[in-house]
Amino acid sequence: MKIQEIAKKANVSTATVSRVFSNHPNIREELRERVLAVARETGYHPRLSQKQQNVIVISPFREIYPIRSYVEMVTSELALTLSARGYRIEMLPQDNLRQLEHLRFCGAVSIGIDAEKFGNWEERFAAPLVIIDRDVPPGNGEIYSVRSDETQAMHLGVDCLARHGCRKVGVLIYGEAGIGNTGLRREAVLHALRRHQLPVSERLVRFALADSYMEEIGKLLKLGIDGLFCPGGNAGIIAAYVLSLYNRRIPDDISLVASERSMYSRYAIPPQTTITQDYAAQAAAVADLLDARLRGDAFPRHTVIPYRLLERDSVREAAAGMDARP
């Protein structure tokens, strides 16, 4: 299928088809929808203009749960990687998506926003959309996902505590049940606890936001935990503060594993053992995807990147001769 055939089927000029595929702002919505509908029906995937290398980065406009620092870290790596590849970045908050109709871009990247928010993407744009930190249903055409392996991350945290001799681990997942990745994290944590033959119950795996963290940690301490895993948000900062209020010393009284937060985790007292996403690898995957689509090459719909464990001093050393359970 050639652009001339698309134009003939849509009853428009080849110039109009070209403008639609380059997301030219001066195209009537009716014409845009007609051309894109023909392209979808015929399975045509336009080759994007390599002269147009603007990338729109879409970020949340409000905090449903703490994500600001995550957005900042991802955006920083995107800016470094995409600019090195010759792309220009424009920022756009999620509540201003209508502006996309008036911008020319070769691709868009959303950070921490569920795929459902972009359900009609293919009906509006020919450029690819890359969703970071969320998955997308299979078969969604020009919508792709680049995310970190949440299941592997939860196993990293629990494995670390078990390997260092903890025998009753409490887990406090930052966020609300059913929002974002919280459900996936909970299931992975339960699986990891069972794999190490550690105690498993709903009381030991909880959700919390900043205003309920003290209460929830108190409930876990009453259960006699000797290890605390706090994935997500700014949990490491808050957990250290709350444990100090309960007169618990890290790691003498309780071992702590949290999520990495730049400018804090390594400088905490003691420095915190953390799980961290590979932000540089995420940015590189996004750039590889955009490069491939500009060349007209196919690219995997889903890209999953492993977490890393940064071991510091907030997890106590295992007693001599103590073996971690399998």
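Helices (H or I, at least four residues) and strands (E, at least two) are DSSP runs here, numbered from the N terminus. What you're looking at is a predicted model, where local features need pLDDT of at least 70, side-chain atom pairs count only at pLDDT 80 or more, and totals for chains, interfaces and linings use all residues. Residues are numbered from 1 along each chain as its sequence is written, and side-chain values use heavy atoms, with hydrogens and water left out.

Let's start with the whole chain. It has ten helices and twelve strands, and its C-alpha atoms fill a box of roughly 75 × 30 × 30 Å along the principal axes. Of its 326 residues, 52% count as buried, meaning under 20% relative accessible area, with exposed being over 50% and partly exposed in between (1.4 Å probe, protein chains only).

Now for two helix pairs. Two packed helices are described by the angle between their axes and the distance between the axes. The axes are lines fitted to C-alpha atoms, for helices over the stretch in contact, and angles run from 0 to 180 degrees between N-to-C directions.

| Pair | Axes come within | Crossing angle |
|---|---|---|
| H2 (residues 14-21) and H3 (residues 29-42) | 10 Å | roughly 90° |
| H6 (residues 150-163) and H7 (residues 182-195) | 8 Å | roughly 40° |

The crossing at roughly 90° makes H2 roughly perpendicular to H3, while H6 and H7 are oblique to each other. Angles under 35 degrees count as roughly parallel, over 145 as roughly antiparallel, 65 to 115 as roughly perpendicular and the rest as oblique.

Which residues of H2 meet H3? They are Thr16, Val17, Val20 and Phe21, and on the H3 side they meet Leu31, Arg32, Val35, Leu36 and Ala39. Contact here means heavy atoms within 4.5 Å.

Most residues other than glycine have a negative phi, and most peptide bonds are trans. Asn11, though not a glycine, has a positive phi of about 60°. Asn11 sits in the loop between H1 (3-10) and H2 and is exposed, with a relative accessible area of 65%. Asn247 also has a positive phi, near 60°; you'll find Asn247 in the loop between H9 and E9, exposed at 66% relative accessibility.

That loop between H9 (235-245) and E9 (255-259) holds Pro251 too, and a cis peptide bond with omega about 0° joins Ile250 to Pro251. Another cis bond runs from Ile269 to Pro270, with omega near -5°. Where is Pro270? Look in the loop between E9 and E10 (273-276).
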